[in-house]
Amino acid sequence: MRLMEKTLGWLVRLAAGLGVASLVALMVLTVVTVVFRAIGIAFPGTYVLAELLLIPTVTCALAFAAWDGSHTKVELLVQTFSSRVSDWSQGAMLLLGTVFWGFVLYAGVEEALRRGKQGETTPLLDIPVAPFRWLMVAAIALMIAVCLLRAAQYLAHQEPRK
């Protein structure tokens, strides 16, 4: 389990770096767009770029949040439980959440396959959308793997490493 944790930790850090880079690019795009609109110059396609940049920003953040455990706990409630009950409840909730994300992953794969066959591109800029759809699928799959690992650790009463 330690090798899996180490491998997933490396992948999560890589995804987090991609998410941060995407967020920085989104911020730069927003600032440039606002500044140039203030002086009367508009760049076509900035909304499309912003929508595309949101995909890695959000999905990579979800994978990092799963790794960190920050999206799965209600601290005030969990702290009132004994350590055994707390571990059991957190593990069970992670497993239940993983079922939900499994459905999202399945729908994402189906949509990526269907739209990929159509050769979907963005309006105005003709950027292929398929890589962004598959990036979303990969980030959700990574998050599911992290949730399963964390659930197993909680149910085995092991302290997750961050």
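## Charge and surface

The protein chain carries 13 positive and 10 negative side chains, and the centres of these two sets are 5 Å apart. The structure is a predicted model. Of the 162 residues in the protein chain, 33% count as buried.

## Overall architecture

The protein chain contains 5 helices and 0 strands. Read from the N terminus, its elements follow the order α-α-α-α-α.

The C-alpha trace of the protein chain extends about 60 × 40 × 25 Å along its principal axes. The radius of gyration of the protein chain is 19 Å, whereas a compact globule of 162 residues would have a value near 15 Å. Among contacts in the protein chain with a separation of 6 or more, 77% join residues 24 or more positions apart.

## Helix H2

Helix H2 covers residues 46-68, a run of 23 residues. From its first C-alpha to its last, helix H2 reaches 32 Å, close to the 33 Å expected at 1.5 Å a residue. Just after H2, Gly69 adopts a positive phi of about 80°.

The buried residues of H2 are Thr46, Val48, Leu52, Leu53, Pro56, Thr57, Thr59, Cys60, Ala63, Ala65, Ala66 and Trp67. The cover over the buried residues of H2 includes helix H1 (2-38) and helix H5 (130-155). As background to such patterns, an α-helix has 3.6 residues a turn, so residues three or four places apart point the same way.

## Thr59 in helix H2

Thr59 belongs to helix H2. Is Thr59 buried or exposed? Thr59 counts as buried because its relative accessibility is 7%, under the 20% cut-off.

Leaving aside residues up to four places away in sequence, Thr59 touches Met136 and Ala139. Both numbers fall within the range 130-155 given for helix H5, which is part of what covers the buried residues of H2.

## Cys147 in helix H5

Cys147 is located in helix H5. With a relative accessible area of 3%, Cys147 is buried, since the cut-off for that class is under 20%.

How far apart in space are Cys147 and Ile39, C-alpha to C-alpha? The two are 47 Å apart in space, and 108 residues separate Cys147 from Ile39 in sequence.

Key
Residues numbered from 1 in each chain as written. Predicted model: local features only at pLDDT ≥ 70, side-chain atom pairs only at ≥ 80, totals over all residues. Heavy atoms only, no water. Helix = DSSP H or I, 4+ residues; strand = E, 2+ residues; numbered from the N terminus. Expected span 1.5 Å × (residues − 1). Buried < 20%, exposed > 50% of the residue type's maximum accessible area, 1.4 Å probe, protein only. Contact = heavy atoms within 4.5 Å. Rg over C-alpha atoms; globule rule 2.2 N^0.38 Å. Lys, Arg positive; Asp, Glu negative; His and termini not counted. Charge placed at Lys NZ, Arg CZ, Asp CG, Glu CD.
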